Amino acid sequence: MQTITLSGYLTENAETKTDKRGYKYVRFKVGCEGLDLAGSKTTTIYRCYTYNLEFENLKKDELVFLSGTQILSMYKGSVLLDVKVQNITRGHK
């Protein structure tokens, strides 16, 4: 298992979905700003989900701090950065 801690801004409004077992979950994307090896600014997008429906009203550009399990996978030659979120804290701009 890989645990990850992130801070960043939502790139879109959160969506409530239903999984194959019939359980509802919240899906959203978080953009984290940083620097690449050359020192240039970069943004990494993480696809996040949580079964804590308290966060179904997260909005685009909202600052969040979160931790969870990182899940890496490949799709059509691209690496997908997924996070099963266990803890979320809302930030303030």
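**Figure 1. The largest pocket of the predicted model holds about 220 Å³ of space.** The coordinates come from a predicted model. The lining of the largest pocket is made up of E12, E15, R27, F28, K29, R47, C48, Y49, I71 and D82. Strands β3 and β4 are the elements that give two or more residues to this lining. Strand β3 covers residues 24-35, and strand β4 covers residues 41-50. Several lining residues return in the views below. Among the lining residues is Y49, which is partly exposed at 22% relative accessibility. C48 also lines the pocket, yet C48 is buried, with a relative accessible area of 1%.

**Figure 2. E12 sits in the loop between β1 and β2.** Strand β2 spans residues 15-18. E12 is one of the residues lining the largest pocket. Its relative accessible area is 29%, so E12 counts as partly exposed. Beyond its neighbours within four places in sequence, E12 is in contact with K29, K59 and K60. The C-alpha atoms of E12 and D61 are 7.3 Å apart, although 49 residues separate the two along the chain.

**Figure 3. D61 and K76 each have a positive phi value in a residue other than glycine.** For D61, phi is near 75°. D61 belongs to the loop between β4 and β5. With a relative accessible area of 40%, D61 is partly exposed. D61 is also the residue whose C-alpha atom lies 7.3 Å from that of E12. For K76, phi is near 50°. K76 is placed in the loop between β5 and β6. K76 is exposed, with a relative accessible area of 74%.

**Figure 4. Ring pairs join Y25, Y49 and Y51 into a cluster.** The structure has 3 aromatic pairs. One of them, Y25 with Y49, is edge-to-face, with 6.2 Å from centre to centre and 75° between the planes. Y25 lies in strand β3 and Y49 in strand β4, so this pair ties together parts that are 24 residues apart in sequence. Y25 is buried at 16% relative accessibility. The rings of Y25 and Y51 have centres 5.8 Å apart and planes at 50°, so that pair is tilted. It links distant parts of the chain, with Y25 in strand β3 and Y51 in the loop between β4 and β5, 26 residues apart. Y51 is partly exposed, and its relative accessible area is 35%. Y49 is partly exposed too, at 22%.

**Figure 5. The largest nonpolar core contains 17 residues.** F28, V30, C48, L66 and V83 have the most contacts inside this core. The elements giving two or more residues to the core are β1 (2-10), β3, β4, β5 and β6 (78-90). Strand β3 supplies the largest share, 4 residues. Strand β5 runs over residues 63-75. C48 touches V26, R27, F28, V30, L66, V83 and V85, not counting residues up to four places away in sequence.

Figure 6. How many disulfides does a search of the whole structure find? The search finds 0. A disulfide would need the two sulfur atoms within 2.5 Å. C32 is buried, with a relative accessible area of 10%. C48 is buried as well, at 1%. C48 is among the residues with the most contacts inside the largest nonpolar core.

Key. Residues numbered from 1 in each chain as written. Predicted model: local features only at pLDDT ≥ 70, side-chain atom pairs only at ≥ 80, totals over all residues. Heavy atoms only, no water. Phe/Tyr/Trp six-rings, centres within 6.5 Å; stacked < 30°, edge-to-face > 60°. Buried < 20%, exposed > 50% of the residue type's maximum accessible area, 1.4 Å probe, protein only. Core = buried A, V, L, I, M, F, W, Y, C linked by side-chain atoms within 4.5 Å. Contact = heavy atoms within 4.5 Å. 1 Å grid on protein atoms, 1.4 Å probe; cavity = no way out; pocket = protein on both sides within 12 Å on 5 of 7 lines; lining within 4 Å. Points joined across faces, edges and corners; volume = space filled by probe spheres on them.
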